[in-house]
Amino acid sequence: MGAEEREGARERSRANGASALRRGAGDRPRVRLDQPRAPRRTFLPEYDPEAFGRLSEKIARFLGTGRFIVWMTVTIILWVIWNTTVPSGLRFDQYPFIFLTLALSLQASYAAPLILLAQNRQDDRDRVTHEQDRKQNERSIADTEYLTREIAALRLGLGEVATRDWIRSELQDMLRDLEPRWAAGAESEERDR
């Protein structure tokens, strides 16, 4: 290895880091870990699952309306009338109406998965809602149990608290007990005089 080669290796070592040179990545740029990678190119079409889900829900909602049934019925009636009454040159679907059958089958083959996708999204929303309701019910039950315990403790505490009527009855009992003593004490004082 000549002096020029060693000097070039040192320059590459400074530019790429010594470890990069040891790994054999001489001229490869260093990977920056503080920046996101560039998105990979794919040949498959990309789509937003949320947008697709919202579109499928809109379609499923439309397919479940009376308006859709009316439009479908009108379209089929017009199709059959056109292809039976107009001159043969203007007809685009002859009597067995194969093209109409194909169009209806195609519509059904797309409608069924879209409806299922919309139902799955609704099930997911319902599952989340039920989970939130269950957690809320658990919190409500815990709060109710806590309040029940507190009320029971207050009732026990109130059972030990002297009420006005109880104090009056106790004072009256004491007065009844003291009256004979006072009377006896007053008689003994009179005798002593």
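This passage describes the predicted model of a protein chain, with attention to the contact between helices H3 and H5.

Residues are numbered from 1 along each chain as its sequence is written, and side-chain values use heavy atoms, with hydrogens and water left out. Because the model is predicted, local features need pLDDT of at least 70 and side-chain atom pairs count only at pLDDT 80 or more, whereas totals for chains, interfaces and linings use all residues.

The protein chain contains 6 helices and 0 strands, these elements being DSSP runs numbered from the N terminus (H or I and at least four residues for helices, E and at least two for strands). Along the sequence, the pattern reads α-α-α-α-α-α. Of the 193 residues of the chain, 11% count as buried, a class that requires under 20% relative accessible area, with exposed meaning over 50% and partly exposed lying in between (1.4 Å probe, protein chains only).

Helix H5 comprises 63 residues and reaches 91 Å from its first C-alpha to its last, close to the 93 Å expected at 1.5 Å a residue, where the expected span is 1.5 Å times one less than the number of residues. The buried residues of H5 are Leu-100, Ala-111, Leu-114, Ala-118 and Arg-121, and what covers them includes H3 and helix H4 (66-85).

The axes of H3 (residues 49-63) and H5 (residues 98-160) come within 8 Å and cross at roughly 110 degrees; such axes are lines fitted to C-alpha atoms, for helices over the stretch in contact, and the angles run from 0 to 180 degrees between N-to-C directions. The two helices are therefore roughly perpendicular to each other, given that angles under 35 degrees count as roughly parallel, over 145 as roughly antiparallel, 65 to 115 as roughly perpendicular and the rest as oblique. The residues of this contact divide into 10 nonpolar, 4 polar and 5 charged, with Ala, Val, Leu, Ile, Met, Phe, Trp, Tyr, Cys and Pro taken as nonpolar, Asp, Glu, Lys and Arg as charged, and the others, Gly among them, as polar.

Arg-121 and Arg-54 are 67 residues apart in sequence, yet 9.0 Å apart in space, C-alpha to C-alpha.

Note on methods: Contact = heavy atoms within 4.5 Å.
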